Amino acid sequence: MTDWTDADAFAAALERAETREKGNCFEDFAEGETVEHDPGLRLSRHGSELWAGQTLNHDPAYWRPSVARTRGYDEVPVHPDYLLACVMGASVEDLSEKGGYFLGREDLRYHRPGVPPGTELRVESVVEETAESSSRPAYGIVTWETTGYDAATGDRLLSYSRTNMIPRREPIAADGEGASAGDSEDGQAERADPDIAEELLAPDGGYFEDFRDALDRADGRDAAVAYRHERGRTIDDTTVAQLPLATLNTAKQHHNADAMADSPSGEIVAYGDVTRSIALGHARSDERTLCEVSCDDERFHDFVTVGDTVYGFTRVLDATETDRGAALADGPEGGPDAGEVTFEHVAFNQRDEPVYSGTRTALVRRRD
Ligand SMILES: C/C(=C\C(=O)SCCNC(=O)CCNC(=O)[C@H](O)C(C)(C)COP(=O)(O)OP(=O)(O)OC[C@H]1O[C@@H](n2cnc3c(N)ncnc32)[C@H](O)[C@@H]1OP(=O)(O)O)C(=O)O
């Protein structure tokens, strides 16, 4: 009788066996189609603390009951970046497990602050747009709108629209795969003349008034409120694979080195939301953030791989008085104690290359 584990027999078996595929190719997505994701997760305190600890998001409201109560929460809520990763994680098997890369996200909205651990998620996506990639014939570009709900109450918790490159089953004929606009004939990227402000100012502190004052100081001068954060976080096995897997994110980009050897990056890459969360963690460590409101124009510019170090840079775009706090976070720290600040954050690596950018609006505490 043939021993199927004999090397020759096994090689023949592998060659002839059909592969039971996971995930969907570009051709499988039809605009307007709704996809209900099966692996909805139950948010956990452990998961939130693992995520927030590893990404340097150490706001005590997500760790200590006494501080959570001052924000109007009955118990320590899960960290918003962990919530986002759990909503996205549940969608990956259906949407992006096949490979390709996370390119960007729009309209990220946190509909409810202070989501407690124990909440069971239901996640649903609608295919918004499918487009051919003119530069990469092996891929198409798909945008989905994804919403995470509290499965028990039906409350919307978070929603966004994300865009990925997705492998095609049948590559189309196209010229210039891999060439980027801005590459010169010798392959070197041409750098445009920098058109940034003459003077970069930093706020004196992390309260709403500090951001407002710094913007007022910059007003009428060739100046911007922009600064870098000192901390860095080197991507390791935990951040590259454990964090996405702990949120049921099955994207092979983060845990299958064998499959990734034959991909544009050539190796496993950090999950975009890990890179983002690290950069936002650095930024939040220099803010008195009350709660997250929204993010827009998020882009993933380049690969982050194990051994790369993620740093953060922030530009303050706006700081306005608001009464949104009352609606977003009840309790003594809500409403009158907060102002709304809009930032542009850039994550960059040890070679000072941007790897992520996005705008973010948060409620930031006022000085008592
Ligand atoms: C989760 C999860 C996956 C991940 O988290 S993967 C890790 C995070 N993402 C990355 O590391 C990707 C970083 N980006 C890159 O390295 C480069 O952008 C990339 C993917 C190599 C592509 O670079 P290229 O220079 O070849 O091309 P472009 O940047 O010009 O983009 C290719 C085409 O895509 C279009 N495009 C880019 N961004 C967007 C966007 N935000 N919205 C819509 N379309 C976008 C761009 O216009 C190009 O189109 P063409 O028709 O000209 O091909 C998971 O998967 O679940």
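1. In this predicted model, E209 forms a salt bridge with R366, and the closest N and O atoms are 3.6 Å apart. E209 lies in helix α5 (residues 208-218) and R366 in the segment after β11 (354-365), so this pair ties together parts that are 157 residues apart in sequence. Both E209 and R366 are buried.

2. R366 also meets the side chain of E321 in a salt bridge, at 2.6 Å from N to O. This pair again links distant parts of the chain: E321 is in strand β9 (residues 309-321) and R366 in the segment after β11, 45 residues apart. E321 counts as exposed because its relative accessibility is 56%, whereas R366 is buried.

3. A further salt bridge joins the side chains of E27 and R168, at 3.9 Å from N to O. E27 sits in the loop between α1 and β1, and R168 in the loop between β5 (156-167) and β6 (199-201), so the pair connects parts that are 141 residues apart in sequence. The 3.9 Å distance falls inside the cut-off, since a salt bridge requires a side-chain nitrogen of Lys or Arg within 4 Å of a carboxyl oxygen of Asp or Glu. E27 has a relative accessible area of 34% and is therefore partly exposed. R168, at 13% relative accessibility, counts as buried.

4. How many salt bridges are there by this rule? The count comes to 30. A network of salt bridges links D81, R105, D273, R276, R284, E287, E292, E298 and R360. As background, side chains of opposite charge can pair when their charged atoms come close.

5. On the surface, E31, E128, E129 and E145 gather in a patch of negative charge. One of these, E31, lies in the loop between α1 (7-16) and β1 (34-37). E31 counts as partly exposed because its relative accessibility is 49%; the class of exposed residues begins over 50%. Members of such a patch have over 30% relative accessible area and no salt bridge.

6. C295 is in no disulfide, and the nearest cysteine sulfur, that of C291, is 12 Å away. A disulfide would need the two sulfur atoms within 2.5 Å. C295 is buried, with a relative accessible area of 0%. C25 is buried too, with a relative accessible area of 5%.

7. Two backbone angles deserve a look. Most residues other than glycine have a negative phi. L248, in contrast, has a positive phi near 65°. L248 is found in the loop between α6 (237-246) and α7 (257-260), and is partly exposed with a relative accessible area of 35%. D297 has a positive phi of about 50° although it is not a glycine. D297 is placed in strand β8 (residues 289-300). With a relative accessible area of 41%, D297 is partly exposed.

8. Next come some buried positions. V364 is in strand β11 and counts as buried, at 0% relative accessibility. The C-alpha atoms of V364 and D216 are separated by 17 Å, the two residues being 148 residues apart along the chain.

9. L157 belongs to strand β5. Is L157 buried or exposed? L157 counts as buried because its relative accessibility is 0%. L157 and L84 are 9.4 Å apart in space, C-alpha to C-alpha, and 73 residues apart in sequence.

10. M260 lies in helix α7. M260 is buried, with a relative accessible area of 3%. From M260 to G99 the C-alpha atoms are separated by 8.9 Å, while along the chain these residues are 161 residues apart.

Conventions. Residues numbered from 1 in each chain as written. Predicted model: local features only at pLDDT ≥ 70, side-chain atom pairs only at ≥ 80, totals over all residues. Heavy atoms only, no water. Patch = residues over 30% accessible without salt bridge, like charges linked within 9 Å, V, L, I, M, F, W, Y side chains within 5 Å. Areas by Shrake-Rupley, 256 points an atom, 1.4 Å probe, with all protein chains shown as cover. Lys, Arg positive; Asp, Glu negative; His and termini not counted. Charge placed at Lys NZ, Arg CZ, Asp CG, Glu CD. Helix = DSSP H or I, 4+ residues; strand = E, 2+ residues; numbered from the N terminus. Buried < 20%, exposed > 50% of the residue type's maximum accessible area, 1.4 Å probe, protein only.
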